[in-house]
Amino acid sequence: QVQLVESGGGLVQPGGSLRLSCAASGSIFSTNAMGWYRQAPGKQRELVATLNGGGGTNYAGSVKGRFTISRDNAKNTVSLQMTSLKPEDTAVYYCNAEIGVLGPSRYLEVWGQGTLVTVSS
């Protein structure tokens, strides 16, 4: 069984910073794209940032210049450094990854359980 586990959410004041981390575990032989999505109350889930296996990144316009995605391929982890946070960044943040799993070998799209980020004074 393969799973993604997020950590690092919480309450932060506007203008503050927060770092989210996500670790993949299980019978993994590789990971392709890894990324972060978020869903605010009453809204659809949206892309925040993705990072493909070749190192290419894609950011939502609303977070460009404030958020930075990074990954550690050896540890199968992806992180999201968030700075200059705004109240509109409040959402549940989900980790997503395309993971190569063993037994039999295949690629699966996996989602984490989500971690809540609240930006409020």
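A salt bridge here is a side-chain nitrogen of Lys or Arg within 4 Å of a carboxyl oxygen of Asp or Glu. The views show a predicted model, in which local features need pLDDT of at least 70 and side-chain atom pairs count only at pLDDT 80 or more, while totals for chains, interfaces and linings use all residues. Residues are numbered from 1 along each chain as its sequence is written, and side-chain values use heavy atoms, with hydrogens and water left out.

**View A. Arginine 38 meets glutamate 46.** The closest N and O atoms of this salt bridge are 2.7 Å apart. Arginine 38 is buried at 5% relative accessible area, whereas glutamate 46, at 35%, is partly exposed (buried is under 20%, exposed over 50%, partly exposed in between; 1.4 Å probe, protein chains only).

**View B. Aspartate 89 pairs with arginine 38 and with arginine 66.** The N to O distance is 3.0 Å to arginine 38 and 2.8 Å to arginine 66. Aspartate 89 is buried, at 1%, and so is arginine 66, at 10%. Shared partners join Arg38, Glu46, Arg66 and Asp89 into one salt-bridge network.

**View C. Here is the largest nonpolar core, with 32 residues.** Such a core is a set of buried Ala, Val, Leu, Ile, Met, Phe, Trp, Tyr and Cys residues joined through side-chain atoms within 4.5 Å. Trp36, Leu80, Met82, Tyr93 and Ile99 touch the most other members. Strand β9 (91-101) is among the suppliers of at least two residues, and β9 gives the most, six (strands are DSSP E runs of at least two residues, numbered from the N terminus).

How values were computed. Helix = DSSP H or I, 4+ residues; strand = E, 2+ residues; numbered from the N terminus.
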